[in-house]
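I opened this file to look up how the chain is put together. My notes follow the order in which I consulted the structure.

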Amino acid sequence: MMLLNVEGIETYIGQYHILQGVSFSVAPGEITVLFGRNGAGKTTTLRSIMGLTPISGGRITFRGEQIGTLPTYAVARKGIGYVPEDQGLFPDLTIEENLRLAMPAARNEAALERREWILELFPDLKTFWTRKSGHLSGGQKQMLAIARAYVGDNELLLIDEPSKGLAPIMVEKVMQSIEQIKKKTTVLLVEQNYFMASTIGDRYFIVDEGRVVTGGPMKQLKEDPDTRKRYLGIA
Ligand SMILES: Nc1ncnc2c1ncn2[C@@H]1O[C@H](COP(=O)(O)OP(=O)(O)OP(=O)(O)O)[C@@H](O)[C@H]1O
């Protein structure tokens, strides 16, 4: 069974019909990547899943349950963590405080183990534990944002363009971390960086002009320069 099913969703922002029937699904235990040009509708798709830009048509199901009409806090409570493009950290709070706010109220053994696991993956976060997140580097902020979504004990993480604005070495580090996180949690990733995302992704979908135009196993896209050129502008 698919973990997440997005079926023909329609989303308006003001008078603009941004998503015009977006359909795709996310299999448990995989990294699914949404590709597409600037402005294609990738961010709006993630925001629609989270209920931040409510859908006006179509269906979204998570673990077989309809979530498309739920408010954002209820979607989050179902076990979907969101790492927005701007990371959405609390800049005046420390790393420790940002993480603490995201952890389940009952800080049981499992929750603490989860935190320990992610801190081992991102040792920088431990090093700068008491530093305000507003004072971290771009890469450290990205790590904290991913860690924060992870400690929330979510079954699915939506991660929006984690490579944005990072130096190539940091992009590689973040991508490798997401590959590790896949052992624990299913991931839906939006990425412009085809080369990085295609090395870690299991499955892809391409969003173009508010629709999903194609998708399949990542292997297929790797062997299909025509599709890459047509929709992503790369050979
Ligand atoms: N608040 C808004 N008001 C009007 N149009 C918007 C708004 N937000 C997004 N759009 C439009 O919706 C379309 C899809 O935007 P979206 O951010 O989802 O694209 P994207 O594929 O994520 O691209 P990017 O990588 O640039 O974020 C774009 O044409 C954008 O201009």
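The entries below concern the annotated domain, the sheet, the helices on it and the nonpolar core.

I note that the model is predicted. I looked up the UniProt record, an unreviewed entry, which annotates residues 4-234 as "domain: ABC transporter". I found 38% helix and 26% strand over residues 4-234, with the end C-alpha atoms 29 Å apart.

Entry 2, sheet. I traced an open sheet of six strands with mixed pairing, in the order β6-β7-β8-β3-β9-β10. Its edge strands are β6 (80-83) and β10 (211-217), each of which pairs on one side only. From one strand to the next, I recorded a twist that averages 15°.

I examined β3 (residues 31-35) and β9 (residues 203-208), which run parallel and are joined by four bridges. In this pair, I located T32 opposite R203 in β9.

I then turned to α6, which lies across β6 and β7 and runs at about 170° to β6.

I asked which residues have the most contacts inside the largest nonpolar core. They are A147, L158, I178 and L189, in a core of 62 residues. Helix α6 (residues 138-151) gives the most to this core, with eight residues. For L158, I listed the contacts beyond its neighbours within four places in sequence: L46, I49, M50, I80, Y82, V83 and L188.

Note on methods: Residues are numbered from 1 along each chain as its sequence is written. This is a predicted model: local features need pLDDT of at least 70, side-chain atom pairs count only at pLDDT 80 or more; totals for chains, interfaces and linings use all residues. UniProt positions are given in the numbering used here, feature names are shortened, and annotations may be inferred rather than shown by experiment. A nonpolar core is a set of buried Ala, Val, Leu, Ile, Met, Phe, Trp, Tyr and Cys residues joined through C-beta atoms within 7 Å. A residue is buried if 20 or more other C-beta atoms lie within 10 Å of its own, exposed if 12 or fewer, and partly exposed in between; C-beta atoms are placed from the backbone. Two residues are in contact if their C-beta atoms, placed from the backbone, lie within 7 Å. Two strands pair if DSSP finds at least two bridges between them. Axes are lines fitted to C-alpha atoms, for helices over the stretch in contact, and angles run from 0 to 180 degrees between N-to-C directions.
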